[in-house]
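I opened the model to look up a few things. My notes follow in the order I made them.

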Amino acid sequence: MNTPLRKLAIAVLLMGAASAMPALAQRTDINVGMVLEPPILDPTAGAAAAIDEVVYANVFEGLTRFASDGSIQPALAESWDISEDGLTFVFHLHDGVRFHDGTTMDAEDVKFSIERAQAEDSTNAQKPLFAGIVSVEAVDPLTVRFTLSEPNGNFLFNMAWGDAVIVAPESAADNATDPIGTGPFKFVEWVQGDHVELARNPDYWGTPVRLEKATFKFIADPTAAFAAMMAGDLDAYPNFPSPETLPQLGADPRFEVIVGSTEGETVMAMNYNSPPLDDIRVREAIAHAINRQEIIDGAMFGYGTPIGTFFPPSNPDYVDLTSLSDYDPEKSKALLADAGYGGGLTLRFALPPVATYARRGGEIIASQLRAVGIETEISNLEWAQWLEQVFHGLDYDLTIVSHTEPFDLEIFSRPDYYFQYHNEAFNQIIADLAFETDPAKRSALIKAAETNLAENYAAVFLFQLAKTGVANAKLHGLWENSPTQANDLTAVYWEE
Amino acid sequence: MVNFLIGRLASLLVSLIAASVVIFVVIEVIPGDPASYMLGLNAQPDTVAALREQLGLDAPALQRYFAWIGGLVQGQFGISYTYRVPVAELISDRLWISLPLAVYALVLSTLIAFPVGIWAAARRNSPADITVMGATQLGIAVPNFWFAMLLVLAFSITLRWFSAGGFPGWQAGLFEGVKALTLPAIALALPQASILARVMRSSLLETLGEDYIRTARAKGLSRRQTLWRHAVRNALIPVLTIIGLQFSFLLAGAIIIENVFFLPGLGRLVFQGITQRDLIVVKSVVMLLVFAVIMVTFIVDIAYAIADPRLRRQR
């Protein structure tokens with residue numbers, strides 16, 4: 001063998017060895033895929049789920065937090081006392097908590113964060129969470145007292161939202177682009193349009209995370225997302241946009257497919273006050289014309305659970321009311337004839353830009369409605385158009401949206417909400433629920449609310465979105481379910 | 001010449017002002033409010049109002065138009081509604097991907113098209129020419145996003161030589177950056193190279209039929225010498241015009257390829273801006289592209305005038 005060739009052979013061998021080395025070492029980084037890029041990184045100033053998907057529990061923390069099973073756990077508050085009348089909550093904060101810029105987190109920061117969210121000029125997208133708070137006092141640096149105007153059974157739950165995280169007065173204004181929180185990861189960089197990088201916070205007050213680096217990459221195109229997984233560019237994609245490829249990924253020993261539950265009730269809203277939909281017979285007829293399983297199979301590749309009301313089946317308080325609106329085209333036709341629409345009916349159907357449930361699901365629903373004599377005029381809208389025309393303008397007959405906020409039954413009681421559902425009995429239940437703190441009574445009220453919506457055909461309740469994700473088989477500790485839209489990486493680690 | 005220049009400059013200014021008015025009006029007419037988009041389904045009306053005020057969306061249209069133009073003249077494009085960072089920063093970040101990608105694709109397409117086009121023209125109607133014509137026809141017909149997916153399948157998923165997409169940023173090093181742009185540049189270059197090769201071929205064939213080529217051959221130059229010394233140079237003029245057009249297309253029109261390879265380029269910035277109603281970004285990027293096209297036209301006009309004195313005298 002001549003010398004240049006031998007040199008080449010050695011070089012090739014060395015390169016092979018070098019590229020094999022990282023595989024042997026324990027990995028401490030993760031590349032997570034996301035469909036949408038967050039517009040900003042401040043969870044208290046925008047509604048985009050993508051914000052929480054990056055920063056919730058990773059960068060920012062609240063007094064309480066959601067666990068993967070949806071339960072409420074202590075976070076910055078290690079414990080709390082609730083007064084007899086339910087009007088005073090005293091939170092005891094963890095000692096030695098620091099923001100990523102080195103400043104101390106104390107009761108004054110809690111007071112500041114809540115008052116900032118409540119303020120007149122606040123741009124907090126979930127401002128109603130803070131509605132009943134009369135005052136926040138810093139009793140001492142580690143004790144905060146909240147006074148409420150009326151008892152609130154949801155209070156600890158409300159404080160767990162990403163919109164209620166604790167921020168510092170020194171850094172709050174810049175959190176949109178340079179988030180400073182108290183979490184186990186701190187913000188490193190954001191290449192707009194491409195990725196956000198986080199690194200382990202060495203001064204974290206709680207259990208330190210095992211990952212040293214976490215990168216969130218924004219890959220919206222389903223084909224590109226699949227390619228990025230297959231090429232090994234991504235280690236996990238918790239809300240995978242290409243459900244049709246999940247069987248293929250599942251069959252590959254490198255990957256694990258994770259199917260969990262979400263808080264996303266997919267609902268076909270019917271403009272409740274606008275004729276002919278103000279007639280309960282017409283609404284009931286539409287409900288009986290819908291074959292839920294066909295939509296789940298056709299639009300969602302089989303992922304999803306049929307629901308009969310506006311509540312997640314994974315919740316113990318869920319009541320199965322699907323029988324009130326089971327698939328029965330004959331009954332549907334009879335109801336339509338009874339309501340005076342035996343000769344047919346035409347409705348406008350506004351579809352937001354969600355390829356799966358809205359656009360594909362909408363086509364399936366349109367054909368199911370046609371089978372009972374209801375024609376639909378489909379208009380495909382962008383989100384901004386949808387918000388203007390449907391959500392604010394109330395100019396629609398039917399539309400489909402998945403409502404992904406946790407415990408959001410109360411939106412049906414809002415007078416100006418796009419459902420246009422106005423029902424005194426329902427509003428009373430929601431009002432009672434806000435005061436009620438006894439678990440058994442709360443459960444009964446929630447069930448009554450569910451039944452009210454189903455019996456009045458407040459909307460067509462289609463199915464609960466499934467959380468369909470895919471991850472490297474050696475990766476552990478990712479959230480299986482989605483009690484809030486987040487990618488909590490605090491417990492994630494690589495198998496040895 | 002001075003009169004000509006003043007005339008051209010005046011028309012440039014008028015075009016720019018007209019374009020700015022059209023862009024502003026069109027964007028005003030688009031339905032959808034950036035503030036309600038950002039705050040989502042659970043926001044209260046007063047929160048939306050607070051955000052609208054913060055974003056400066058409440059001022060009268062005329063006032064906002066002049067504020068926008070005033071900013072543009074000073075090089076200040078405003079702050080993005082969604083990202084809350086200066087628009088100029090967003091554009092320059094994206095430009096650092098779109099511009100190298102466009103140049104890379106153009107270089108590749110030229111490197112492929114020139115030899116192929118010249119080779120085919122020199123062997124007109126031979127099997128080689130017919131093969132090239134067939135192949136370039138295919139190159140034009142194949143959608144570039146589909147070709148891009150095939151590239152990903154072969155080089156990222158099967159061979160694992162390249163990432164399936166994304167851009168690590170130039171701070172990761174020149175090699176990493178160029179590597180990340182390679183597959184997208186190939187996908188973009190293929191149809192452009194096919195078009196260019198065909199233009200090169202037909203332009204060269206036309207030139208080869210000219211009298212001076214016959215004269216050159218009569219003077220005793222070989223076929224090869226005639227081709228390279230006289231024909232190719234003269235055939236380049238229409239080809240360069242096409243290259244110019246392709247460049248502006250590649251700069252702004254690579255959006256589908258940017259989506260396939262999830263590259264944060266200029267095209268995707270506009271697309272995102274439109275869906276998220278980040279209108280200030282859309283306005284500014286479109287205006288910038290209009291400015292670039294008008295400037296290129298202006299420079300070409302001047303160049304023509306320098307090359308061809310007849311154009312100057314007409315004015």
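I set the burial cut-offs before anything else: a residue is buried if 20 or more other C-beta atoms lie within 10 Å of its own, exposed if 12 or fewer, and partly exposed in between, with C-beta atoms placed from the backbone. This is a predicted model, in which local features need pLDDT of at least 70 and side-chain atom pairs count only at pLDDT 80 or more, while totals for chains, interfaces and linings use all residues. Residues are numbered from 1 along each chain as its sequence is written, and chains are lettered from A and ligands numbered from 1 in the order in which they are written.

**Entry 1: T399(A)**

Is T399(A) buried or exposed? I find T399(A) buried, because 26 other C-beta atoms lie within 10 Å. T399(A) sits in strand β16 of chain A, residues 398-403. I take helices (H or I, at least four residues) and strands (E, at least two) as DSSP runs, numbered from the N terminus. I then checked contacts, meaning C-beta atoms, placed from the backbone, within 7 Å. Beyond its neighbours within four places in sequence, T399(A) touches A269(A), A350(A) and V390(A). I also looked at V267(A): 132 residues separate it from T399(A) in sequence, yet their C-alpha atoms are 8.2 Å apart.

**Entry 2: helix α3 of chain A**

Helix α3(A) runs over residues 107-118, twelve in number. From first C-alpha to last I read 17 Å, close to the expected 16 Å; the expected span is 1.5 Å times one less than the number of residues. Which residues of α3(A) are buried? They are A107(A), D109(A), V110(A), S113(A), I114(A) and A117(A). These lie on the same side of α3(A) because they cover an arc of only 165 degrees around the axis. The arc is that of the directions from the helix axis to the C-beta atoms. The buried residues pack against β5 (88-93), β6 (133-140) and β7 (143-148) of chain A.

I count 14 helices and zero strands in chain B. Of its 315 residues, 34% are buried. Its C-alpha atoms fill a box of roughly 85 × 60 × 35 Å along the principal axes.

The contact between the chains takes 44 residues from chain B and 41 residues from chain A. On the chain B side, helices that each supply at least two residues include α5 (87-122) and α7 (144-158). That side divides into 21 nonpolar, 16 polar and seven charged residues. Here Ala, Val, Leu, Ile, Met, Phe, Trp, Tyr, Cys and Pro count as nonpolar, Asp, Glu, Lys and Arg as charged, and the others, Gly among them, as polar.

Technical notes
Contact = placed C-beta atoms within 7 Å.
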